[in-house]
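Here are some notes to read with the model open beside you.

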Amino acid sequence: VLIRWRNFPWNRYVHTTFGIGAGLSYSFDVWTADEQRHPEDDDRSNLKFWMPIELTFALPSHPEHELFLFIDHQSGGRMLDKGGVDAWGFGYRYNF
């Protein structure tokens, strides 16, 4: 589930959205970054709580061309395992 804010006062200059969400993530293999970040914990969970955060920017004349920044936080929430791992990134997206 993701909630996205779309109405910012500066949108006539730079169309901006901000999204934050929550959900579950499952991977068949434990992330390498998760094992490297928590080397003392051999029992890492494949099921994680997931919290995505996303910020997008686009020119109002071309809203289909977006630049975006994101953070994906995945954590065991102390129920499945202790600690978590973050994936940060940025990119270009074309919405059609």
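1. First, a term for what follows: a residue is called buried under 20% relative accessible area, exposed over 50%, and partly exposed in between, with a 1.4 Å probe and protein chains only. By that rule Phe-96 counts as exposed, because its relative accessibility is 91%.

2. A word on the basis of these notes. This is a predicted model, in which local features need pLDDT of at least 70 and side-chain atom pairs count only at pLDDT 80 or more, while totals for chains, interfaces and linings use all residues. Residues are numbered from 1 along each chain as its sequence is written, and side-chain values use heavy atoms, with hydrogens and water left out.

3. Now the overall picture. The C-alpha atoms fill a box of roughly 50 × 20 × 20 Å along the principal axes. The radius of gyration is 17 Å, whereas a compact globule of 96 residues would have one near 12 Å; the radius is taken over C-alpha atoms, and the globule rule is 2.2 Å times the number of residues to the power 0.38. Of the 96 residues, 28% count as buried. Among contacts (heavy atoms within 4.5 Å) with a separation of 6 or more, 51% come from residues 24 or more positions apart.

4. Please look at the loop between β1 (2-5) and β2 (15-21), where Arg-6 is placed. Asn-11 sits in the loop between β1 and β2 too, and counts as buried because its relative accessibility is 14%. Which polar atoms does the side chain of Asn-11 reach? A polar atom of that side chain lies 2.6 Å from the backbone oxygen of Arg-6, and the side chain also reaches the backbone nitrogen of Thr-16 at 2.9 Å. Such a polar contact is a pair of N or O atoms within 3.5 Å; within protein, one must be able to donate a hydrogen and the other to accept it, and residues adjacent in sequence count only if both atoms are side-chain atoms.

5. Leaving aside residues up to four places away in sequence, Arg-6 touches Asn-11, His-15, Thr-16 and Thr-17. With the neighbours within four places set aside, Asn-11 is in contact with Arg-6, Thr-16 and Pro-60. Arg-6 and Thr-56 are 50 residues apart in sequence, with their C-alpha atoms 9.7 Å apart in space.

6. Next, the charges. The whole structure holds five salt bridges, each a side-chain nitrogen of Lys or Arg within 4 Å of a carboxyl oxygen of Asp or Glu. One of them joins Arg-44 and Asp-34, at 2.9 Å from N to O. Arg-44 lies in the loop between α1 (32-37) and β4 (47-58) and Asp-34 in helix α1, so this pair ties together parts 10 residues apart in sequence. Asp-34 also meets Lys-48 in a salt bridge, 2.8 Å from N to O.

7. Glu-54 forms a salt bridge with Arg-93, with the closest N and O atoms 3.2 Å apart. Glu-54 lies in strand β4 and Arg-93 in strand β6 (residues 84-94), so the pair ties together parts 39 residues apart in sequence. Arg-4, Glu-54, Glu-66 and Arg-93 are linked in a network of salt bridges. The charged end of Arg-93 also sits over the ring of Phe-68, 4.6 Å from its centre; this requires NZ of Lys or CZ of Arg within 6 Å of the ring centre and within 35 degrees of the ring normal.

8. Last, the rings. There are five aromatic pairs: rings of Phe, Tyr and Trp (its six-membered ring) pair if their centres lie within 6.5 Å, with planes under 30 degrees apart counted as stacked, over 60 as edge-to-face and the rest as tilted. One of the pairs, Trp-5 and Phe-18, is tilted, at 5.8 Å centre to centre and 35° between the planes. Trp-5 lies in strand β1 and Phe-18 in strand β2, so the pair ties together parts 13 residues apart in sequence. The rings of Tyr-94 and Phe-96 have centres 6.3 Å apart and planes at 20°, so that pair is stacked.

Notes:
Helices (H or I, at least four residues) and strands (E, at least two) are DSSP runs, numbered from the N terminus.
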